[in-house]
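Please keep the sequence and the structure in view while reading.

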Amino acid sequence: MEVRAKKSLGQHFLTDSNIARKIAGAMSGGDAASPADVLEVGCGTGMLTRFLLERDDLRTFGAEIDGESVAYLREHYPEFASERLWECDFLEMNLAERFPSGVRVIGNFPYNISSQIFFKIIENRDSVPECVGMIQKEVAVRIAEKAGSREYGILSVLLQAWYDIEYLFTVNESVFNPPPKVKSAVIRLKRNSVRRLDCDEALFVKVVKAAFGQRRKMLRNPLRAAFGSFGGAEHRFFTMRAEQLSVSDFEELARWVAEHR
């Protein structure tokens, strides 16, 4: 059967087996006696699934929202599809409930929900030790960038707070059907040693989002707009812009906001 790429789902099916093999190989695993659980987000026509299933050190599961793709996978990978494939929206999955011992995440992520996928990874950071994803190149660059770059933003800070980020390689438009209008890239996230931030974590997220909400302005303006005047108090970062602050700087700023708002 043929699976039609659906624009509404942001589908661009990978057609190059060498690229798929490289992506599958970028994921660390367990061993043959104790394979690591890995969840593929959006299995599509199984191009990446095939190479994940070949690995004895991984036990591969799949989440696929497209009924046509699920039918295709049931036809071509019947054992996998019948036992470890769910027809569902990854963004709605309860990962802690389905994988109480944790799960690695991998996939050729749809461009239109890639940021939402990473926000879900952040929410489940204690259950997701690693993530390998192919996404739009400019988003991959943004996530991997360090403080001081114009591309550095909300996702950069929030992901780097809990993960070490590696930009692995760039992927050209020609290896997809249909070809996207932009280049793609594969990145790898590995959980770092930080268990808890040195501040209120919910407030940390709010401070980061407020700061980048007006990223061209000095931090004094967006933070006062979000949290009030702070009684006229000034932090040393107030004359800087959001892109100039590291993760630890934002932790310091979140502690200050908690004391002064």
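This is a predicted model: local features need pLDDT of at least 70, side-chain atom pairs count only at pLDDT 80 or more; totals for chains, interfaces and linings use all residues.

Helix α8, residues 154-162, is mostly covered, with eight of its nine residues buried.

**Helix α8 and its surroundings**

- The buried residues of α8 are L155, S156, V157, L158, L159, Q160, A161 and W162.
- These buried residues pack against the helices α6, α7 (137-144), α9 (201-213) and α11 (247-260), and they also pack against the strands β7 (163-171) and β9.

**The chain as a whole**

- The chain contains eleven helices and nine strands, and the C-alpha trace spans about 65 × 40 × 25 Å along its principal axes.
- The radius of gyration of the chain is 20 Å, which agrees with the value near 18 Å that a compact globule of 261 residues would have.
- Buried residues make up 51% of the 261 residues in the chain.
- Among the contacts in the chain with a separation of 6 or more, 66% are between residues 24 or more positions apart.
- The accessible surface of the chain comes to about 12,200 Å², and carbon and sulfur atoms account for 45% of this surface.
- The chain carries 36 positive and 36 negative side chains, and the centres of these two sets lie 7 Å apart.

**Salt bridges**

- Side chains of opposite charge can pair when their charged atoms come close.
- How many salt bridges does a search of the whole structure find? The search finds 16.
- R84 and E83 form a salt bridge in which the closest N and O atoms are 3.8 Å apart. R84 counts as buried, because its relative accessibility of 18% is under the 20% cut-off, whereas E83 is exposed, with a relative accessible area of 52%.
- E130 forms a salt bridge with R104, and the closest N and O atoms of this pair are 3.4 Å apart. E130 lies in strand β6 (residues 130-136) and R104 in strand β5 (residues 104-108), so the pair ties together parts that are 26 residues apart in sequence. E130 is buried, with a relative accessible area of 2%.
- R191 forms a salt bridge with D126, the closest N and O atoms being 3.0 Å apart. This pair links distant parts of the chain, 65 residues apart, since R191 is in strand β9 (residues 184-191) and D126 is in the loop between α6 (114-123) and β6. R191 is buried, with a relative accessible area of 13%, whereas D126 is exposed, with a relative accessible area of 57%.

- E251, which is placed in helix α11, is buried yet has no salt bridge. The nearest side chain of opposite charge is that of R255, 4.9 Å away, and this pair does not count as a salt bridge because the cut-off is 4 Å.
- Leaving aside its neighbours within four places in sequence, E251 is in contact with L197, D198, C199 and F204.
- Apart from its neighbours within four places in sequence, D37 is in contact with R59, F61, F99, G102, V103 and R104. The C-alpha atoms of D37 and L53, which are 16 residues apart along the chain, are separated by 11 Å.

**Backbone geometry**

- Most residues other than glycine have a negative phi, and most peptide bonds are trans.
- N177 and P178 are joined by a cis peptide bond, with omega about -10°, and P178 lies in the loop between β8 (176-177) and β9.
- F230 has a positive phi of about 60° although it is not a glycine. The place of F230 is in the loop between α10 (220-227) and α11, and F230 counts as buried at 5% relative accessibility.

Notes: Residues are numbered from 1 along each chain as its sequence is written. Side-chain values use heavy atoms; hydrogens and water are left out. Buried means under 20% relative accessible area, exposed over 50%, partly exposed in between (1.4 Å probe, protein chains only). Helices (H or I, at least four residues) and strands (E, at least two) are DSSP runs, numbered from the N terminus. The radius of gyration is taken over C-alpha atoms; the globule rule is 2.2 Å times the number of residues to the power 0.38. Contact means heavy atoms within 4.5 Å. Accessible areas come from the Shrake-Rupley method with a 1.4 Å probe; for residues, only the protein chains shown count as cover. Lys and Arg count as positive and Asp and Glu as negative; His and the chain ends are not counted. The place of a charge is taken as NZ of Lys, CZ of Arg, CG of Asp or CD of Glu.
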